[in-house]
Amino acid sequence: MGRPVIGIVGNLLIEQGGFSPGMERSYVNNDYVAAVERAGGIPLILPVVRGQDVAERQTECVDGLLISGGYDMDPLLYGEEPIRTLGFVYRETDIFQLRTIKTALKRGQPILAICKGIQLLNVACGGTLYQDIGEIPGAFVKHSQDRKRSCPSHTVVTEGESVVAELFGSTFPVNSYHHQALKEIGRGLVVTSRAMDGVVESVESGNGSFVVGVQWHPEMMLTGGDEMLPLFLRLVEAAGSFAASL
Ligand SMILES: [Mn+2]
């Protein structure tokens, strides 16, 4: 068997200017592609599609999934009305990404969910979000950093045994590019770390399959050092085991 294929869940970028304003482009940030390749996986971008069956078939074509970041999620998808500090929403991308995650969870396929990815994972499991961290009483940490993307800016403390604790220890620094956060935790997920203000920074599946969500951007940290490489190595390893078990 060859190297595991990691599907990177795509996004739509709406061009704001240039030659074709309004043009929608299928894309992912290239840091995700580079991280998967560096960890020994074969990166494959899964574009946003409309059909449920198309999304399912895409997911079946890969051995593991990397859920990338993106716009704010449509709060109607988790039963809330939009508040004034909600950012730009593109509902069709949310629906595609949720379908992809649900398909992977049903198959027991390994998932690494990053930034909006952890939020999508939580909603796919029935959880909810804070639409803006300003809603959380006592949340004092700056979670939208103004520094290089590879540079960590706040501390994370782990809770109990988890992949994250095993790889990075009980406390470690991460970068931060989110203004939303997990509220009620979805079924089957366990919180494995928090920022110093209590904001959830990672979750994992409680059932032993490799399902890890992180609120920071390990693929961006990889552009400045190797601290976060073990997370991608684990995803690729789990994807290889999953493929071998079919
Ligand atoms: Mn953060």
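**Close-up 1. Helices α2 and α3 pack at an angle of about 50 degrees, with their axes 9 Å apart.** That angle makes α2 oblique to α3, and the crossing in which α2 passes α3 is right-handed. The model shown here and in the views that follow is a predicted one. On the side of α2, the contact involves Q52, A55, E56 and T59, which meet F96, R99, T100, T103 and A104 of α3.

**Close-up 2. D63 lies in the loop between α2 (52–60) and β5 (64–67).**

**Close-up 3. An open sheet is formed by nine strands with mixed pairing.** The order of the strands across the sheet is β4-β1-β5-β6-β13-β12-β11-β8-β9, and the edges are taken by β4 (42–46) and β9 (171–174), each of which pairs on one side only. On average, and with direction ignored, neighbouring strands of this sheet are turned by 25 degrees against each other. As a general point for reading this view, strands of a sheet pair through backbone hydrogen bonds, in either a parallel or an antiparallel arrangement.

**Close-up 4. The parallel pair of β5 and β6 (residues 111–114) is joined over three bridges.** Within this pair, I67 stands opposite A113, a residue of β6. Helix α4 packs on the sheet, where it touches β5, β6, β11, β12 and β13 (211–214), and the direction of α4 makes about 120 degrees with that of β6. Helix α7 (residues 229–245) also packs on the sheet, touching β1 (5–9), β5 and β6, and the direction of α7 makes about 145 degrees with that of β5.

**Close-up 5. Helix α4 (residues 116–124) is largely enclosed by the rest of the structure, because nine of its nine residues are buried.** The buried residues of α4 are K116, G117, I118, Q119, L120, L121, N122, V123 and A124. Just after the helix comes G126, a residue that takes a positive phi of about 95 degrees.

**Close-up 6. Strand β11 (residues 189–195) runs antiparallel to β8 (residues 154–158) and also pairs in the antiparallel sense with β12 (residues 200–205).** Three bridges join β8 to β11, whereas the pairing of β11 with β12 extends over five bridges. Which residues are the bridge partners of S193? In β11, S193 is the bridge partner of T158, and the partner of S193 in β12 is S202. Strands β11 and β12 form a hairpin with four residues between the strands, and in this hairpin G198 takes a positive phi near 90 degrees.

Definitions and conventions:
Residues are numbered from 1 along each chain as its sequence is written. This is a predicted model: local features need pLDDT of at least 70, side-chain atom pairs count only at pLDDT 80 or more; totals for chains, interfaces and linings use all residues. A residue is buried if 20 or more other C-beta atoms lie within 10 Å of its own, exposed if 12 or fewer, and partly exposed in between; C-beta atoms are placed from the backbone. Helices (H or I, at least four residues) and strands (E, at least two) are DSSP runs, numbered from the N terminus. Two strands pair if DSSP finds at least two bridges between them. Axes are lines fitted to C-alpha atoms, for helices over the stretch in contact, and angles run from 0 to 180 degrees between N-to-C directions. Two residues are in contact if their C-beta atoms, placed from the backbone, lie within 7 Å. Angles under 35 degrees count as roughly parallel, over 145 as roughly antiparallel, 65 to 115 as roughly perpendicular and the rest as oblique. A crossing is left-handed if the near helix is turned anticlockwise from the far one by less than a right angle, and right-handed if clockwise.
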